[in-house]
Amino acid sequence: MSVVIRDLLLSDIGPAVRLLEECRSLADTKPADIAQFVNDVSSGSPGVVALHNGQIVGVVQARTVVDDAWINVVTIDSAWRHQGLGSAMLQRLEENLMHQGVRKISALLSGSQAGETALVNRGFTAIHDLVLYEKLEPIAPTAMRIVDQYGGEILSASLWDRVAGMNEEKKIIAGRVVAPLADPITAEKVGVKAPATVLLFGPPGTGKTTFAKAIAGRLGWPFIELLPSKLESGNDSMSAELRTAMSDLLQLDHAVVFIDEFDEIASAREKNPSTKGVVNELLKMIPLYRSAPGHLLVCATNFVGDIDSAVLRPGRFDLVIPIGPPDLVARRALWTASLASLDQRGADIEKLAVNTDGYTPGDVELAAQRAAAAAFDRIREGIEPSYISTDDLDAAIARTRPSVTSEICQRFGDEADRFARV
């Protein structure tokens, strides 16, 4: 058949990759991980090629671990199928592997894929009733480098369940943000436009960052936070840095891009002229995110009234969602969650919730830990009771000042009436 069978050389990588690419779409060929193939061959993994008139028409390649080998690639040009090429390449590969001390050689192919007959001819035994488990990670290695460059992360979907209380806010975000992005087909069918830009506003510590991360976790998209403090290397260059970062992140297939303390870079230009360049850049970038499916820009601010009016104009942010201080129901849930892991007895959750108006989730956690610390110190001194008492909790609450004052709460209410868009 005028074909030469020889070992795979480093100089064969280019022509071999071209053959793998050509055969990738063939239904009877197992798709090859080309990046892994190049890496394996470059690292010295054994392989064999078949050449006709100097052109590669077949490739077999394996990876070895101690005395086991796994055949990763079996590819034959469609014009050379069923001519014994696969068997000849496998024979050569087996000889090489035996010289390397390999005892067991394995391969995974589905029925009727190229190479199946060759494996049978070479004496390989099909093992039935096995199930292949595989998972495609949500982000490709090349995209992961962009995520890493900006300190991004892949977050767990369980973050959503760990948001205690805040049921009204969770309902809005789940229905208006997460659901249309997670199920775009149904959303499009009924005419719901999936959001691309969202602004969260509310008093400090009310969970805006937590919600942004929870959204990314629910969607399974990378979460990248752009910190104003890291963008600031001088007012002249901040807008350029923001443009570069946001443009780079648009290269990802999916991403939740989060900007906290949004008022620092997008405050009203008439009050803070130094932000003019950044605001102008944002006005250019926001439409790009609104036209790029699979991307969600989430910004957060404590006081939405400080944001430049041009940024808040309808058509910039799809949704403007208030994240207020936990109400009585939410505080019950927060106290229940905080005390669940503590050795306390007889705590009156209702009383704790009523007495902690203005508390944020962080305030509740701080007060719970202060009560635990008081009990810990007492137990070390051998003083009873040897658990967290109601007195410990009352004393901790007396020491913990609420983050949301009545003035802040009043301002939030006014801004919610003026700016909320859900």
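**View 1. I224 in strand β7.** I224 sits in strand β7, residues 223–225. Helices (H or I, at least four residues) and strands (E, at least two) are DSSP runs, numbered from the N terminus. This is a predicted model, in which local features need pLDDT of at least 70 and side-chain atom pairs count only at pLDDT 80 or more, while totals for chains, interfaces and linings use all residues. Residues are numbered from 1 along each chain as its sequence is written, and side-chain values use heavy atoms, with hydrogens and water left out. I224 counts as buried because its relative accessibility is 0%. Buried means under 20% relative accessible area, exposed over 50%, and partly exposed in between (1.4 Å probe, protein chains only). Leaving aside neighbours within four places in sequence, I224 is in contact with V147, Y150, G152, L249, L252, A255, V256, V257 and F258. Contact means heavy atoms within 4.5 Å. K213 is eleven residues from I224 along the chain, and their C-alpha atoms are separated by 9.2 Å.

View 2. Strand β2 covers residues 47–52, and five of its six residues are buried. Strand β1 (residues 4–7) runs antiparallel to β2, and four bridges join them. Two strands pair if DSSP finds at least two bridges between them. R6 has V49 of β2 as its bridge partner. Strand β3 (residues 55–65) also runs antiparallel to β2, with six bridges joining the two. Here V48 has V60 of β3 as its bridge partner.

View 3. Most residues other than glycine have a negative phi. N53 is not a glycine, yet its phi is positive, about 55°. N53 is found in the loop between β2 and β3. These two strands form a hairpin with two residues between them. N53 is exposed, because its relative accessible area is 71%. V66 is not a glycine either, and its phi is positive at about 55°. V66 lies in the loop between β3 and β4 (68–76). With a relative accessible area of 74%, V66 is exposed.

View 4. S45 has its place in the loop between α2 (34–42) and β2. S45 is buried, because its relative accessible area is 18%. Not counting residues up to four places away in sequence, S45 touches D40, Q61, A62 and R63.

**View 5. Helix α16 and its buried residues.** Helix α16 runs over residues 361–380; at 1.5 Å a residue its 20 residues should span 28 Å, and its end C-alpha atoms are 29 Å apart, which agrees. The expected span is 1.5 Å times one less than the number of residues. The buried residues of α16 are D363, V364, A367, A368, A371, A372, A375 and R378. An α-helix has 3.6 residues a turn, so residues three or four places apart point the same way. The buried residues of α16 pack against α14 (328–339) and α17 (390–399).

**View 6. A371 within helix α16.** A371 lies in helix α16. A371 counts as buried, because its relative accessibility is 0%. Its contacts, not counting residues up to four places away in sequence, are I388, D392, L393 and A396. A35 is 336 residues from A371 along the chain, and their C-alpha atoms are separated by 55 Å.

**View 7. After helix α16: G382 and P385.** G382 follows α16 and has a positive phi, near 75°. P385 lies in the loop between α16 and α17. Most peptide bonds are trans. The bond from E384 to P385 is cis, with omega near 0°.

View 8. Rolling a probe the size of a water molecule over the atoms shows where empty space is left. On a 1 Å grid over the protein atoms alone, a cavity is a set of points where a 1.4 Å probe fits but cannot get out; lining residues have an atom within 4 Å of a point. Grid points are joined across faces, edges and corners, and a volume is the space filled by probe spheres set on the points. The count comes to one cavity of 30 Å³ or more. The largest cavity has a volume of about 30 Å³. By class, four are nonpolar, two polar and two charged. Ala, Val, Leu, Ile, Met, Phe, Trp, Tyr, Cys and Pro count as nonpolar; Asp, Glu, Lys and Arg count as charged; the others, Gly among them, count as polar.

Key:
1 Å grid on protein atoms, 1.4 Å probe; cavity = no way out; pocket = protein on both sides within 12 Å on 5 of 7 lines; lining within 4 Å.
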